[in-house]
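Please look over the model below before reading on.

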There are 4 protein chains.
Amino acid sequence: MKKRLKSGLGRSTPDSVEVRGRNLADELIGKVSLGDFAYFELMGRLPSPQESIMFNALAVTLVEHGMTPSAIAARLTYFGAPESLQAAVAAGLLGLGDRFGGSIEQAARMLQEALGEPGGSVDIEDAAKKIVAAHRGGQIIAGLGHPTHKPVDPRTSRLFEVAAENGFAGRHVELMKGVGKAAATAYGRDLPINATGAIAAIASDMGISWRVCRGIAVMARAIGLVAHLQEEMSDPMAAEIWARVEHEASGEL
Amino acid sequence: MKKRLKSGLGRSTPDSVEVRGRNLADELIGKVSLGDFAYFELMGRLPSPQESIMFNALAVTLVEHGMTPSAIAARLTYFGAPESLQAAVAAGLLGLGDRFGGSIEQAARMLQEALGEPGGSVDIEDAAKKIVAAHRGGQIIAGLGHPTHKPVDPRTSRLFEVAAENGFAGRHVELMKGVGKAAATAYGRDLPINATGAIAAIASDMGISWRVCRGIAVMARAIGLVAHLQEEMSDPMAAEIWARVEHEASGEL
Amino acid sequence: MKKRLKSGLGRSTPDSVEVRGRNLADELIGKVSLGDFAYFELMGRLPSPQESIMFNALAVTLVEHGMTPSAIAARLTYFGAPESLQAAVAAGLLGLGDRFGGSIEQAARMLQEALGEPGGSVDIEDAAKKIVAAHRGGQIIAGLGHPTHKPVDPRTSRLFEVAAENGFAGRHVELMKGVGKAAATAYGRDLPINATGAIAAIASDMGISWRVCRGIAVMARAIGLVAHLQEEMSDPMAAEIWARVEHEASGEL
Amino acid sequence: MKKRLKSGLGRSTPDSVEVRGRNLADELIGKVSLGDFAYFELMGRLPSPQESIMFNALAVTLVEHGMTPSAIAARLTYFGAPESLQAAVAAGLLGLGDRFGGSIEQAARMLQEALGEPGGSVDIEDAAKKIVAAHRGGQIIAGLGHPTHKPVDPRTSRLFEVAAENGFAGRHVELMKGVGKAAATAYGRDLPINATGAIAAIASDMGISWRVCRGIAVMARAIGLVAHLQEEMSDPMAAEIWARVEHEASGEL
């Protein structure tokens, strides 16, 4: 009556460790880079050279965004719990929700649901207009606009360039661009595709389900958060932030 | 009177994003792999080819360990909170504490404190004996022994091979091996160096402080946890684990 | 140009600590119970005797649900990171998302949005039918149905009894009951109001915004999770769960 | 060969829910307050009136400490992930580590290990001197000293008063006071017992193991964090904190 538990990710025997059917020691360690291994974990096969460049480019874009709310939360957590670096990273990751990491997921979902299965024959221009129409009333369209990077998000240009060079500027990228144009027309102002939108479009053209797109942000940012905690160890700011916020918020100014 | 807040990790202007002083779009995206970027974030410079192979090898070893307590906790969390993948990854990372991720930190600390600054003249054999002596009374020595992988942990052999090929089998690796031998003599049984011990020794020979060694495990495992959650989406086991545990624990068997 | 940071929750001076404007040492410690203090923190005033009984009843209902996915995740996390009990509790709380804690929020939102501001004149029966109609197509209605407790959830009966005795069986409770009846008619089978639905309805009649209803579950469950970790310390099950799951999932059965 | 999983905390049948052997609906809901229920969960029996006053007093003291690093981290996390209030509370709890919640654990451990089993005959004055001697070299003694509350922590005086009135000013409280005096003599300056020290001493005299003392802080603070998030919803400060920190840290000042 029990459902059988099974996982194809990893297994160990006394003399070997396997990951997705490959021998970790013999076939992977020292031969495959971390980014390619992440692709392997997610897709079940090693990337081609083009896939490797593209996937690593997406992930690299997401590692470090400076002093974000996530990074500040991680530093404040480390201040209180220096015994568990893992908890400080976890605290930082918890903020990659609907407003941050979630926006990649939302943009990828929008594009993937509009285009349907690979090989479909949806008209890109029509699809773009429908998406914009569905967002009327001032609703934000995932993947468009940026408070700082105007008129162009430099990461977007670069990511689209890498995508074109490696064969990943497909129908989802085309649709994302179409959405940007249709939105500019509808709203009467420039709405640049932000890095989130570019990543969502390219990941979609790589065949990555929108359901795990938030995960790419999470794995990349974990790296950045470790770097923030390393900096916090030698050049701390948590106590200073705490003191200032507490002082002002409790009305002692 | 205020302490100045400053961070050298990332900054943005309207037309550029910088990470550790380099232009992200122009110099890094599409040119640097995720593993090399992680090295860059931690060490402040891009790795040499040898450093790249070695660092990626360490990280790759830590990504996927099958159905660990961390992976199970992440899957159970996702079951309850499917709206926030980031929270499920965070829950999984929280278990990388003293027993798991912490053991790399502990082993690296043991080796780095024994050898002191680079270029020191500590006698390796003496240092190894002192370490073993300090653990008398059945205390576990970080980096030694494994419940499954006997007599040899296959990851250890491979990591030491990669280290030798790339110039990272230095004094810390030598000391770790010395500790293994001294422990075998003292305890009268084989105590293989486990993957944790190998990683700690090699990371130490790469100049990575023991204070961030736990962080390498954390960043790597974040990748593996995303893969577990992707598998959980298509082939779930959380509900089944819950049902079995609840049924048995509440005495209904 | 800066927005002023301010908080009315707590402040300290050298000789006093204030919480929401009251002196903690003189007015609260030793005089107010934990549940009443929670009410005070959320509502800004101490509860009346009726409010105290009711609020404590809601919270008590949410503390302990046996070996839930949350409790298992907390125990597995503690196994890996015994140095940080707080991280194990946090891991457990992370699973109180849309499927669990979130359902109280959803039910309360449904009721509060249907009835609008206090003193409104919405017809309860109409509102109930509209809610059920909006869920056609097999969609679950928050607050109704339970896999185990049939035909009646014993907590619901008791909570509604306490509500009636203390003056909190108001329009939201009436609406929740109406939704239950309308759903039974529409679906042709009994759909008992579960504890979640009862709590959501009563909290709504107490004037608690649906936006913090999930928070009542979170604060209550934190208590239960600490108890699970205490039990795990003396009578552990994490290692056994891990061993079984790993063995079966990796195909060694 | 399998170890049997069992838990005595909660179980459900179709028509009842039991917590620690008592019927939740019939015996507990509407009859027992949240604080007393927490005591029941931890100790396995309902508290006496004196135990109830004392335990609630300890917990109440720990709920709200104003704009702590924990509260700021929770608010920043909520800003990024407004879909999961539980994650923001969890992020806040993660900071209750060695520096904050952990200090209660440390103080309680120090006292409990010094006095041994109840009914022991350790000399209090001797034990106090030994503890101070073991901390020479400027090491902080858990439970002593406070950056703001000088010369006396008002919560300490009040907690000791409640303890005396209810029969919990026992040998652990005596020892904590002895440690304070011995430290003042040894260091030549006043070192007031802080709230942490008072709570640790009283919890010890109530028979609560030091291993769960950190848990009392965790369960109490979960309440406070929900209140902070409620305030953040109506009167947000996360975006402002982020903007200020990012601006200054990236050198744009």
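1. In this predicted model, S1(B) and S2(B) make a hairpin, with 2 residues between them. Strand S1 of chain B covers residues 10-13 and strand S2 of chain B covers residues 16-19; the two pair in the antiparallel sense over 4 bridges. Strands here are DSSP runs (E, at least two residues), and helices are DSSP runs too (H or I, at least four residues), both numbered from the N terminus. Two strands count as paired if DSSP finds at least two bridges between them. Ser12(B), for example, has Val17(B) in S2(B) as its bridge partner.

2. On numbering and cut-offs: residues are numbered from 1 along each chain as its sequence is written, and chains are lettered from A and ligands numbered from 1 in the order in which they are written. The model being predicted, local features need pLDDT of at least 70 and side-chain atom pairs count only at pLDDT 80 or more, while totals for chains, interfaces and linings use all residues; side-chain values use heavy atoms, with hydrogens and water left out.

3. What order do the 3 strands of the open sheet in chain B take? The order is S1-S2-S3, and the pairing is antiparallel. S1 and strand S3 (22-23) of chain B are the edge strands, each pairing on one side only. S2(B) is joined to S3(B) by 2 bridges, and these strands run antiparallel. Within S3(B), Asn23(B) is the bridge partner of Glu18(B).

4. Chain C also has an open sheet of 3 strands, ordered S1-S2-S3 and paired antiparallel. Its edges are strand S1 (10-13) and strand S3 (22-23) of chain C, each with pairing on one side only. S1(C) pairs with strand S2 (residues 16-19) of chain C over 4 bridges in the antiparallel sense. Thr13(C) has Ser16(C) in S2(C) as its bridge partner.

5. How many residues does each side give to the contact of chain A and chain B? Chain A gives 81 residues and chain B gives 81 residues, where contact means heavy atoms within 4.5 Å. The two chains bury about 7100 Å² between them, 68% of it on carbon and sulfur atoms. Buried area is the accessible area (1.4 Å probe) that two parts lose on being put together, summed over both.

6. Between chain A and chain B there are 2 salt bridges, a salt bridge being a side-chain nitrogen of Lys or Arg within 4 Å of a carboxyl oxygen of Asp or Glu. Lys6(B) and Asp235(A) meet in a salt bridge, at 3.5 Å from N to O.

7. On the side of chain A that touches chain B, helix H11 (residues 210-234) of chain A supplies the largest share, 15 residues. That side divides into 41 nonpolar, 21 polar and 19 charged residues. Ala, Val, Leu, Ile, Met, Phe, Trp, Tyr, Cys and Pro count as nonpolar, Asp, Glu, Lys and Arg as charged, and the others, Gly among them, as polar.

8. The contact of chain B with chain C takes 31 residues of chain B and 31 residues of chain C. The area buried there is about 2600 Å², with 68% from carbon and sulfur atoms. The salt bridges between chain B and chain C number 4. Arg244(C) forms a salt bridge with Glu248(B), the closest N and O atoms being 2.8 Å apart. Helix H4 (69-80), helix H5 (85-94) and helix H12 (238-249) of chain B each supply at least two residues of the side that touches chain C. By class, that side of chain B has 18 nonpolar, 6 polar and 7 charged residues.

9. Chain A superposes on chain B by a rotation of 180 degrees with 0.0 Å of shift along the axis (RMSD 0.0 Å), using least squares on the C-alpha atoms of residues with pLDDT of at least 70 in both copies. That is the relation of a two-fold axis. The C-alpha of Ala90(A) is the one nearest the axis in chain A, at 2.2 Å from it. Of the interface residues of chain A, 100% are also interface residues in chain B, so the copies meet through the same surface.
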